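Open the model in your viewer and keep the selection panel at hand. This tour moves from one stop to the next.

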Amino acid sequence: MSDDTPVLRRTTPASATPGAAPSAAGILHLGLGSFHRAHQAVYTAAALQSAGGDWGIIGVASRSRSIVDAMHAQDMLYSVATISPGSTSLSIPGVHTDAFVGAAQPERVVAQIADDGIRILTLTVTEKGYSYSPASQALDLDDDTVRADLRGGAPRSTIGQLARGLQARAAAGGAPLSILSCDNLSANGAHTEKLVREFLTELPGSEGSDVLAFLDRAVTFPSSMVDRIVPSTTAELRTRVSALLGARDDIPVPAEPFTMWAIEDRFAGGRPAWEAGGAVFTDEVGRYEQMKVRLLNGTHSLIAYLGALSGAATIPEAIGLDGIESAARAVLRDEYEPSIEVPSGVDIRAYESELFERWANSALGHRTSQVGTDGSVKLRQRIPEPALLALGKGEMPHLIALTVAGYLSCIAPLPGFDPGLHAAAMTDGARERLAGFAASARTGRELAQRVIGDLHLFGDGLGSQDAFIARVGELVDIIRRRGVDVAIADAVSASRTTASSLISAEELQP
């Protein structure tokens with residue numbers, strides 16, 4: 001686009017137009033990233049178009065000013081580019097009424113939570129944004145930010161902001177509020193509520209008691225499951241979207257056509273008609289969550305780590321490799337699927353087929369380095385229960401072990417092994433510590449023991465599973481000495497042998 005191309009605003013002619021601006025904000029959202037803007041904002045736009053209401057969104061970015069500044073420059077507008085191999089379509093949600101940076105204005109976060117006009121608070125702060133101990137699942141009282149928030153002053157942690165905002169709302173005799181987590185946490189509503197209550201309980205004297213009573217009578221924490229692949233925005237996408245739009249959009253969001261939102265219908269102060277956008281209100285959010293976190297996210301992690309080690313820059317490139325596709329199908333069907341309860345009315349075979357179509361969407365360009373980032377947090381949500389279920393039945397989950405071996409090989413490679421530039425591009429809060437373990441480990445078995453057995457990176461349960469730890473270590477060594485393709489073939493072959501043995505045992509039963 002030329003320099004004189006008009007910036008996207010409500011008065012700018014463009015090929016896509018937003019709906020009417022919301023009359024007021026009823027939703028506060030923490031985590032103003034691409035996923036929120038391509039998911040909850042899109043559902044809210046559909047709800048407002050269908051049923052109206054004062055459900056505009058005030059977006060709070062955690063630290064970065066880039067999205068906030070661009071939204072203010074563009075009348076709170078941006079486009080969502082829905083990308084498939086055959087086409088790109090644009091829409092402009094237009095549901096945000098304001099945006100600001102939480103780290104720069106922490107006191108405003110508290111004030112907005114206390115504002116009676118806000119009836120729903122939604123969150124996409126990622127799994128690591130909840131400040132909890134993975135081993136105990138409790139609030140991490142050793143976290144410096146949490147400890148500072150407990151002492152007072154403007155809170156910086158998400159849980160501290162929620163608790164202090166609720167404290168101010170309760171003190172003012174505030175209206176009912178619902179806090180809706182949209183992150184990949186098990187029972188995310190109940191988990192968020194538990195952490196907030198633990199924070200309030202830790203306050204000195206009776207400081208938290210009135211707030212806890214307010215929670216009992218006026219605050220709900222519904223659970224939800226969200227699903228849409230939203231890659232990072234690139235310069236090429238900005239140029240392409242601006243050309244299609246006929247206006248300069250500095251913050252377009254790419255997304256796949258598929259989208260899903262399952263929500264527990266427990267809202268203390270009303271809600272938008274999100275079902276107009278296709279949201280499902282259900283009592284089976286836990287089942288949807290298991291299906292998504294394990295079948296999609298768990299398999300996605302395996303594809304990302306094996307793909308990065310194979311030199312694949314994107315998920316479509318990775319899933320296009322025969323060995324990785326075989327491993328993905330095996331882990332999904334043989335190791336993750338037995339650990340879930342399928343939601344009522346869901347055709348699991350159709351869902352599985354759709355997953356592979358989504359991963360193969362070459363137009364989307366979802367990078368292996370993006371999917372593989374923060375594995376130390378993500379894998380804790382995805383692998384322990386399915387792995388322990390298999391181990392409890394006397395079966396080795398070879399492909400889950402391969403996922404962990406791939407993760408360790410990418411993030412903490414043993415001396416002399418180069419995992420490649422895509423693995424190097426992955427960021428992880430545990431990288432430095434794990435790299436220290438790897439530097440002094442002589443074998444994959446030693447590394448696996450230190451990470452899984454001693455550090456309990458994936459929880460206490462797997463930390464005591466010596467056979468699983470040994471299998472992970474063996475696969476790390478195979479990757480280092482013979483290459484990732486050999487490790488994939490080894491794990492897939494072993495998985496098939498296990499499956500055949502199980503089938504034979506079933507056939508022998510009377």
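In which sense do strand E9 and E11 pair, and over how many bridges? Select residues 224–227, which are strand E9: E9 pairs with E11 in the antiparallel sense, over four bridges. Two strands count as paired if DSSP finds at least two bridges between them. Strands (E, at least two residues) and helices (H or I, at least four) are DSSP runs, numbered from the N terminus.

A word on what you are viewing. This is a predicted model, with residues numbered from 1 along each chain as its sequence is written. Local features need pLDDT of at least 70, side-chain atom pairs count only at pLDDT 80 or more, totals for chains, interfaces and linings use all residues, and side-chain values use heavy atoms, with hydrogens and water left out.

**The sheet**

Met-225 has Ala-262 in E11 as its bridge partner. Ser-224 stands opposite Ile-263 in E11.

Now select residues 260–263, strand E11. Met-260 and Ala-262 point one way. Trp-261 and Ile-263 point the other way. In a regular strand, side chains alternate between the two faces of the sheet.

Show the three strands together. They form an open sheet in the order E9-E11-E12, with mixed pairing. E9 and E12 are the edge strands, each pairing on one side only.

**The helix across it**

Select residues 285–309, helix H10. H10 lies across E9, E11 and E12, and runs at about 35° to E9. Axes are lines fitted to C-alpha atoms, for helices over the stretch in contact, and angles run from 0 to 180 degrees between N-to-C directions.

Pick out Asn-297 in H10. Is Asn-297 buried or exposed? Asn-297 is buried, at a relative accessible area of 7%. Beyond its neighbours within four places in sequence, Asn-297 is in contact (heavy atoms within 4.5 Å) with Asn-184, Lys-292 and Arg-382.

**Last stops**

Select Cys-182: buried, at 3% relative accessible area. Then Cys-410: buried, at 1%. The whole structure has zero disulfides, a disulfide being a pair of cysteine sulfur atoms within 2.5 Å.

Finish by colouring on pLDDT, the predictor's confidence in each residue, from 0 to 100. The protein averages 95, and 97% of the residues score at least 70. Over residues 503–508, pLDDT stays under 50. Where pLDDT is low, the predicted coordinates should not be read in detail.

Conventions
Buried means under 20% relative accessible area, exposed over 50%, partly exposed in between (1.4 Å probe, protein chains only).
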